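Please look at the sequence and the model first, then go through the points by topic.

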Amino acid sequence: MSENLRKPFVAGNWKMNGNLALVAEFNDKLSGIKSNADIVVCAPSLLLHGFKPNGFSIGTQDVSHCDNGAHTGELSVDLIKEAGCQFAIVGHSERRDNQGESSELVALKAKKCVSAGVVPIICVGEPLEVREANNVEAFVGEQLDALVSELSVEALSKTIIAYEPIWAIGTGKTASPEQAQEVHEFIRTYFAKVSVELAQGLRILYGGSVKPDNAETLFAQPDVDGGLIGGASLKAEDFISICQAAN
Ligand code: PGA
């Protein structure tokens with residue numbers, strides 16, 4: 001698969017924000033949006049029923065690794081599929097930190113998604129102290145090891161990876177295009193050791209303070225295939241202009 005077969009991809013992560021009025025605004029403003037990118041909005045699960053996706057898809061911000069059963073408060077892949085979701089973010093750093101999710105659990109969630117035909121957007125990325133200690137590759141490499149030990153090459157080819165340096169999330173401190181490219185290249189090279197074909201086709205998104213004015217240079221990096229957008233995905237105009245920067 002050649003590099004240009006990696007269709008650009010932009011996902012919005014509303015986190016615990018938004019309301020049905022914002023959903024209605026997105027339905028209206030994104031309707032029939034023209035972009036070369038696949039576009040996904042990952043809103044809080046209780047808002048998903050309000051979307052009328054036209055030109056974009058919807059996803060959740062997490063999913064359970066278990067099947068339907070006695071798991072109070074959790075959402076299964078069957079439930080999110082029934083709600084119209086084709087995508088689920090897994091392993092966001094806020095869940096790894098606040099909910100203590102391990103890389104092994106994240107890998108199980110990703111595997112469960114793939115088995116049900118839901119595309120997991122799997123987040124990896126280092127905290128500031130790891131970057132300052134020059135340990136980014138070892139840290140991110142361990143997060144990827146867990147994926148490779150749990151998912152087959154075929155399953156991995158049905159995933160999307162999002163590199164989100166934790167120090168760049170919600171801080172306004174975007175990674176420079178060179179810093180992003182360096183880690184994206186590391187991630188692609190890591191997967192190339194598993195399968196060259198997998199690595200060539202795998203979409204790797206950058207996330208962390210992507211804004212309309214920095215999206216284009218970030219997305220122009222050879223191994224950056226789009227973005228996972230937090231704060232700027234809450235304003236329809238900003239999100240649309242970021243989607244267009246992925247053209
Ligand atoms: P941010 O968040 O764009 O607000 O930095 C990105 C994310 O957490 O996915």
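Is Ser233 buried or exposed? Ser233 counts as buried, because its relative accessibility is 0%, and buried means under 20%. The model is a predicted one.

**The ligand and its surroundings**

- There are 13 residues around the ligand, and those that come nearest are Lys15, His92, Glu164, Gly170 and Ser209.
- By type, the shell around the ligand consists of four nonpolar, seven polar and two charged residues.
- His92 places a polar side-chain atom 2.7 Å from an oxygen atom of the ligand.
- Glu164 also has a polar side-chain atom that lies 2.7 Å from an oxygen atom of the ligand.
- For Ser209 the atom concerned is a backbone N or O atom, and it lies 2.7 Å from an oxygen atom of the ligand.
- On its own the ligand has 290 Å² of accessible area, and the protein covers 97% of this.
- Lys15, one of the residues that come nearest to the ligand, is located in the loop between β1 and α1 (20-30).
- Lys15 is not a glycine, yet its phi is positive, at about 55 degrees.

**Aromatic rings**

- A pair of aromatic rings is described by two quantities, the distance of the centres and the angle of the planes.
- With centres within 6.5 Å as the cut-off, the count comes to eight aromatic pairs.
- In the pair Tyr163 and Tyr206, the ring centres are 6.4 Å apart and the planes stand at 55 degrees, so this pair is tilted.
- Tyr163 belongs to strand β6 (residues 160-163) and Tyr206 to strand β7 (residues 203-207), so their pair ties together parts that are 43 residues apart in sequence.
- Tyr163 counts as buried because its relative accessibility is 0%.
- Tyr206 has a relative accessible area of 0% and is therefore buried.
- One aromatic cluster is formed by Trp14, Phe26, Phe51, Phe56 and Phe239.

**Helix α8**

- Helix α8 (residues 177-192) has 16 residues, so at 1.5 Å a residue it should span 22 Å.
- The C-alpha atoms at the ends of α8 are 22 Å apart, which agrees with that expectation.
- The buried residues of α8 are Ala180, Gln181, Val183, His184, Phe186, Ile187, Arg188, Tyr190 and Phe191.
- An α-helix has 3.6 residues a turn, so residues three or four places apart point the same way.
- Ser176 is found in the loop between β6 and α8.
- With a relative accessible area of 23%, Ser176 is partly exposed.
- Ser176 and Glu142 are 34 residues apart along the chain, and their C-alpha atoms are separated by 23 Å.

**Buried residues in loops**

- Ser233 sits in the loop between β8 (226-229) and α11 (236-245).
- From C-alpha to C-alpha, Ser233 and Ile39 are 11 Å apart in space, while 194 residues apart in sequence.
- Ser64 is part of the loop between β3 (57-60) and α2 (77-82).
- The relative accessible area of Ser64 is 3%, so Ser64 is buried.
- A polar atom of the Ser64 side chain lies 2.8 Å from the backbone nitrogen of Cys66.
- Thr159 is in the loop between α7 (153-156) and β6.
- Thr159 counts as buried, at 4% relative accessibility.
- At 2.7 Å, the side chain of Thr159 reaches the backbone oxygen of Leu156.

**Exposed and partly exposed residues**

- Asn134 lies in the loop that runs between α5 (128-132) and α6 (136-150).
- Asn134 counts as exposed because its relative accessibility is 71%, and exposed means over 50%.
- The phi of Asn134 is near 60 degrees, which is a positive value in a residue other than glycine.
- Lys7 is in the segment before β1 (9-13).
- Lys7 has a relative accessible area of 39% and is therefore partly exposed.
- Lys7 and Ile240 are 233 residues apart in sequence, and the distance between their C-alpha atoms is 17 Å.

Terms used. Residues are numbered from 1 along each chain as its sequence is written. This is a predicted model: local features need pLDDT of at least 70, side-chain atom pairs count only at pLDDT 80 or more; totals for chains, interfaces and linings use all residues. Side-chain values use heavy atoms; hydrogens and water are left out. Helices (H or I, at least four residues) and strands (E, at least two) are DSSP runs, numbered from the N terminus. The expected span of a helix is 1.5 Å times one less than its number of residues. Buried means under 20% relative accessible area, exposed over 50%, partly exposed in between (1.4 Å probe, protein chains only). Rings of Phe, Tyr and Trp (its six-membered ring) pair if their centres lie within 6.5 Å; planes under 30 degrees apart count as stacked, over 60 as edge-to-face and the rest as tilted. A residue is near a molecule or strand if one of its heavy atoms lies within 4 Å of it. A polar contact is a pair of N or O atoms within 3.5 Å; within protein, one must be able to donate a hydrogen and the other to accept it, and residues adjacent in sequence count only if both atoms are side-chain atoms. Accessible areas come from the Shrake-Rupley method with a 1.4 Å probe; for residues, only the protein chains shown count as cover. Ala, Val, Leu, Ile, Met, Phe, Trp, Tyr, Cys and Pro count as nonpolar, Asp, Glu, Lys and Arg as charged, and the others, Gly among them, as polar.
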